[in-house]
Amino acid sequence: MKEEVNYNAADFYNDLSADYDEMFGFEKDLDAAGKFIAGLKKRFQFESALDIGCGTGSFTLALARGGSKATGMDLSAGMLEKARKNSLAYGLAIDFVNSGMDEMLSFVSGKFDLILCMGNTLPHLSGKAALDSLLTACGKLSSPGGHLVLNLLNYRKILDLKQRLIGITGNGTREFIRFYDFAEPYGRFN
């Protein structure tokens, strides 16, 4: 018998939001995001961008620092609060929208030359119909000739290799140990 999993992504990320930037190294993430965005700017022409699942805002801030009118969207109010603080710390004017992917057309308006969905965002969709709905919404929000960039962790590899340890970070007084527990056919992030 399969264990019933009661999972709420907004609650998970709200709980994680206070420590997220320290755990993942916001400055390092922002630098890497800036390099990625610079590469996209060389390939595509875009002035406006939507970052779906923006978290604490590393890609959204990188978009704004690169000269784009950036909008960040996230399901977690806690993550958006951190994203707003990060954007203020860098003197950036960014719109942030509190919405899940399933209802973004109700909360996000306008057209975007570039739509990003990075990192660990897509796995929070609950199946093919939800993915189809997201892609349809992205099409409606895209400017003519706009671009959609999707990124996804290789979960098949994670499940096949069953490598538990993801990373250890710390600042001398606190350590963050990220790891998986595996119970077929799932992996649980800790």
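Partly exposed means a relative accessible area between the buried limit, under 20%, and the exposed limit, over 50%. Asp-181 sits at 32% relative accessibility, so Asp-181 counts as partly exposed. This structure is a predicted model.

Asp-181 has a charged partner. Arg-164 forms a salt bridge with Asp-181, and the closest N and O atoms are 2.4 Å apart. The pair links distant parts of the chain, 17 residues apart. Arg-164 lies in the loop between helix H7 (155-161) and S6, while Asp-181 belongs to strand S7. Arg-164 is partly exposed too, with a relative accessible area of 43%.

Now turn to the sheet. Five strands form an open sheet, in the order S3-S2-S1-S4-S5, with parallel pairing. S3 and strand S5 (142-150) stand at the edges with a single partner strand each, so one side of each has no neighbour in the sheet. From one strand to the next, the twist averages 20°. Strand S1 (residues 48-52) and strand S2 (residues 69-74) run parallel and are joined by five bridges. In one of them, Ser-48 has Lys-69 in S2 as its bridge partner.

Helices pack on this sheet. H2 touches S4 and S5, and its direction makes about 140° with that of S4. H4 touches S2 and S3, and its direction makes about 175° with that of S3.

Lys-69 also takes part in a salt bridge. Its side chain meets that of Asp-95 at 3.0 Å, N to O. This pair links strand S2 to strand S3, across 26 residues. Lys-69 is at 52% relative accessibility, so Lys-69 counts as exposed. Asp-95 is partly exposed, at 41%.

Next comes the interior. In soluble globular proteins, nonpolar side chains tend to be buried together. Here the largest nonpolar core has 24 residues. Ile-37, Leu-40, Leu-63, Leu-114 and Leu-116 have the most contacts inside it. Helix H2 (26-43), helix H3 (58-65), helix H4 (77-89) and strand S4 (112-117) each supply at least two residues of this core. A second, separate core of 16 residues includes Met-101, Leu-122, Cys-138 and Leu-141.

Ser-99 is found in the loop between strand S3 (95-98) and helix H5 (104-107). Its relative accessible area is 2%, so Ser-99 is buried. Its contacts include Met-73, Asp-74 and Phe-107.

Last, the structure holds seven salt bridges. One of them joins Arg-174 and Asp-19, with the closest N and O atoms 2.6 Å apart. Asp-19 lies in helix H1 (residues 9-24), 155 residues away from Arg-174. Salt bridges with shared partners join Asp-19, Glu-22 and Arg-174 into one network.

Terms used. Residues numbered from 1 in each chain as written. Predicted model: local features only at pLDDT ≥ 70, side-chain atom pairs only at ≥ 80, totals over all residues. Heavy atoms only, no water. Core = buried A, V, L, I, M, F, W, Y, C linked by side-chain atoms within 4.5 Å. Buried < 20%, exposed > 50% of the residue type's maximum accessible area, 1.4 Å probe, protein only. Helix = DSSP H or I, 4+ residues; strand = E, 2+ residues; numbered from the N terminus. Contact = heavy atoms within 4.5 Å. Pairing = 2+ DSSP bridges. Axes fitted to C-alpha atoms, helices over the stretch in contact; angles between N-to-C directions. Salt bridge = Lys/Arg side-chain N within 4 Å of Asp/Glu carboxyl O. Lists of a residue's contacts leave out its neighbours within four places in sequence.
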